[in-house]
Amino acid sequence: MSSTLTPAQAQSALDSWTRKMIAWHFSPATGCDYWLKWAKTAGWDPRKEIKCFADIAKKFSHFDDDVLRTEQPERFVPKAYAKRPYNVFETGGTTGMPKQRVGWDDYKTDYEEYSDHYGPDFFPKGNWLMVGPTGPRRLRLAVEHLANYRGDSCYFVDLDPRFVKRLIGTGEMAMARKYQEHVIDQAATILRHRKITNMFTTPRLLENLAERMSLVKAGLKGVFVGGTTMTPQYVRFVVEEVLENKINFAPTYGNTLMGLAISRKLTKADNYSLTYYAPQPRATLRIVNPDNPTELVNYGEYGRVELTTMTKEFFVPRFLERDEAIRRPPCSEFPWDGVGDVRPFQSLTKTIIEGVY
Amino acid sequence: MTSSIHIPVLRLGQTYRSLDKIQFNVSGQPLEISVANSGLIRRDLQQLAKSGEALRAIPCETLVGYMEKAAELFLHGKLPWGDDDRLQSPDDYAVALSQLTGLPHSLARSNMGKVHAAMSNIRAVISGLTRGMPLELFDRGFVRQNGLDVNFFAETTSLGVLLPSNSPGVNSLWLPALVMKIPVVLKPGREDPLTPFRLIQAMIAAGFPREAFGFYPTTHDGGDTLLFGTGRAIAFGSDATLKKYAPYRHINVHGSGRSKIVIGDDFAADWPKHLDVIVNSIAANGGRSCINCSSVLISNNRDTLADALARKLAAIEPLPRDHPDAVLCSFANPKSAKAIDERLNELLAVPGAIDLTAKYRNGPRLVEMYGQTFLRPTLIVCDDLKHPLANTEYGFPFASVLQVPQAKMIGQIGESLVVSAFTRDQAWSIDLMTSTNIERLNLGPYSTMRVQWEQPHEGNLFEFLYRRRALQGDLVAA
C-alpha cells in the first residue's frame, strides 16, 4: 500500500505532531507527573524550545528506561487520562522487577493501522492463532484486537520468555527444549483441530511448528511474526521452506515502548533483506552513530537504533534500543527512514541469549 | 581477481548457497563459505532415514573399496573447490589450508598424509574397532564368531560432528562411520571448512552416495542443533565444552588431551637417548594436537632433562609458511596468541614455576614474523603438579617438566588422553594398564603422537554407534 505523502510532507507532519505532543505532555493540564517534574528541574521549557522533531535530538538526552522499573506507573499517567483505568504492559524477557508502561488505546491504534496496511488477500477472513508471549504483554491484547478489528477471533498458546531465558542462563538446555516442545505441542493441537487461517508467532516457534506439519496443508494463509533477529538467509528460509512460498509473510519489529514497525514488501532486489518502518509520527526510529548518538549514520550503514515515542498516552524521547540496524531510505509505502537487517547491538562482539522463543 | 570460490552447504546430497556467508581471502582469491541457519539443519535431519537407506544399499566390502579409492583422491586428486566447476589440486588445498589455519605447508601436507593413512588403512581401523569381526556384520547385522551368532544394531541414524580448526588430522575420527553405514552430519571448524569438504568430495567421487553427507558451516546455535538432532554426536572443545555436554550420553566430547610422558625409575638416567622422542611429542604438528605431550614426569634428574629439552625446543624458530622445515604454526587469530602469552606470564608469577626456554630462545615468546603471529615453544619447570601450569595444555609447543616419584605418578596425573610410559617395569606397567585415567597407553619410549590403526583413538567409534543385542534361536540367522 503506497503512502499518499511525500517525504517532505511526512517530515512536516512529524514536526507538527512533535509540537502538538510536546505541548500535551508538558502542559500542567494534560501532562503526567513524571515529565512535569522533570521539566521543572531541566532548566528549559520544551514547549518553548521544541519547534520540530530535530529539536528533540538537540535538546533531550536519552531516555533511561530503568525509570519504568523504579518509578510507580501512576507517575506516567497524563492528567487527561486520570479518570480512565489503564492497562499495565511489561517488556518482554526481562527478569527481576519488570519494566512497565501504562496504556489505553495506543495498541488499538497501532494494530488497526497495521491491519489497514494488509488487505483481505494477505490475511483472509478466518480465525487467528497467537503462539507467543501473552501474560502481562501488550502483544496479547493487541493480537486479539487485530483479529477482532478484522472481524475475526483468536486462539492463544502462551510462551513465557522469562522462563526460557532463565533456563538458558542456567544451562538447562534440555529443559528449555522440553518447554519449547510443550508450546509447540499445544499449537499443533489447535492447528489440527480448529480452522486457523492466520497466525502470529515468533520466527523460531514458526519454524518449530513447521517441523511438525506442513503449514500450507494446515490451512494457514497469512503469518505475522515479530520478536527476534531475522537475517536475509533466515527470511529466505522461512519464505521458501517454512511457508513453502505459499503463505503470506509479514515480519514486524516492535516492542512495548514503540508499538509496531511494519516491513516494506520484499522485492527481488531486496534479496530477503528486511526493512522496517516505524508508525510515524507516533513513533520514530533513527539510526545513530553509537559513538556519537546525536548524529545519524549514512544510508546503508549500520548504527544503533534510537526510538522516540510520542502519543498522547506516552512520551519517550531518544531511547537507545539494544539493537543495531542499517539506515534505509524512505520508500513508496513509507515516506520516512527505515531500519534494515535489525540485530542485537554489538552482536558481532558479544554473546547474546536470543532466538530460542 | 577471479570470482569467489563458494563452498556451499551440503544438504544430504543437495548443494545450497546460503545468503549468510563467511568470507576469506586466500592469496588474492576470495573464498566464501555458506552458513546454514539452525532451522534448515533441523529440517534436513528429518530426512536422515533416506541417507541411511542409501548407505545400507551398498555392501560394506564395496564401501571399504570406496574409502580406499577416496584416500588416493584426497591425497592426489583434483576435486571440486566448491559448487562450480573449478578444481582444487592437493597443492591448492595445502596452501589454502595453511593460510586459513596457520599450519605451515609442511604440516598441512603431513596432515593430509595422516588422513590418507586413516582412509587407506580403513580395513585395519574397522577391524581394530570391532575386534576383528567380518565386514558383513554391517550388511547383515550379525556374524558368526567362534561358533556364536553375534548381533549388533545401530543405535543412531546419523553421527553429528562438531569439528575443530586446530588440526585437519581429527577428521580421520568420523571417516569409519560411513563404512559402518552411518551417515555423517558435519559442522566444520570456522577456519577449516576445506578439509571436511575435500574429504566429502573425494568420497563422493569414489562412489559414496551424496545423501550420506551433511556439511553445515553454522553458528553455535546450529552446532547445538546438530548435536541434539543426531542420535550420536562428537564435539571438540575446551573443558567448558566438556562440562556443558557432560550430562548427555549421546554426545562424546573431546576436551583437552593433557597427554603426558611418564619416565619410570629404570629410564630416568637414560633420558638423553630419548630426548628426540620427547621433543617430537611436544612439538610435532606445531603442538596443536590433543595427543601432543603437555607434561613430562620423571622420577629423577628433572633439571638436567628440562635444561636439555628447553635448549632443543627454544631452537625451534618461526619460519615462513612455505619453508620446508617449518614446524611452528601461526595463530589465525592474533588475539588468541596474545591472550595465551599474557595468561602464561600471569601464571608464571605463581611461585614454583620457571619458563626455562626464556633464557635460550631468540626473543620473546610472542612474536610477529613473516606477517604472522607465533608463540615460540615454551618449557616450564614446575615444582608441584598442583601448580596451574603443571597439568594444562595450549595449542603450541608447550610442556611442563616435573619430578615425581614413580609410585605417585599414576595417582597424580589426572585424566590423560595419551600417556607414553618409558618403562620396562612389569609391575608398574600392569598398574598403568589397570588405571582408569588414561585413554591411550604407549608402553615404551614412544612418542605420544604414535598411531596404530588397529587401536581405537579417543574412544571406540563402533561401540559408540552400535550396540550388541543378545541373539538366541537360530531360525533366521542360520
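Modeller: A nonpolar core here is a set of buried Ala, Val, Leu, Ile, Met, Phe, Trp, Tyr and Cys residues joined through C-beta atoms within 7 Å. Buried means that 20 or more other C-beta atoms lie within 10 Å of a residue's own, while 12 or fewer makes it exposed and anything in between partly exposed, with C-beta atoms placed from the backbone. Bear in mind that this is a predicted model: local features need pLDDT of at least 70, side-chain atom pairs count only at pLDDT 80 or more, and totals for chains, interfaces and linings use all residues. Residues are numbered from 1 along each chain as its sequence is written, and chains are lettered from A and ligands numbered from 1 in the order in which they are written.

Now to the core itself. The largest one has 219 residues, and Ala70(B), Leu178(B), Met203(B) and Leu465(B) have the most contacts inside it. It lies between domain 1 (5-255 + 458-469) and domain 2 (259-443) of chain B, because both give residues to it; those bounds come from an automatic or database domain assignment.

Let's zoom in on Ala70(B). Leaving aside residues up to four places away in sequence, Ala70(B) touches Met119(B), Ala202(B), Met203(B) and Ala206(B). Touching means that the C-beta atoms, placed from the backbone, lie within 7 Å.

Chain B also meets chain A, in a contact that takes 11 residues from chain B and 13 residues from chain A. On the chain B side, helix H1 (residues 38-45) gives the most, with 4 residues; helices are DSSP runs of H or I, at least four residues long, and strands are runs of E, at least two, numbered from the N terminus. That side of chain B divides into 2 nonpolar, 4 polar and 5 charged residues. For that count, Ala, Val, Leu, Ile, Met, Phe, Trp, Tyr, Cys and Pro are nonpolar, Asp, Glu, Lys and Arg charged, and the others, Gly among them, polar.

Notes: Two residues are in contact if their C-beta atoms, placed from the backbone, lie within 7 Å.
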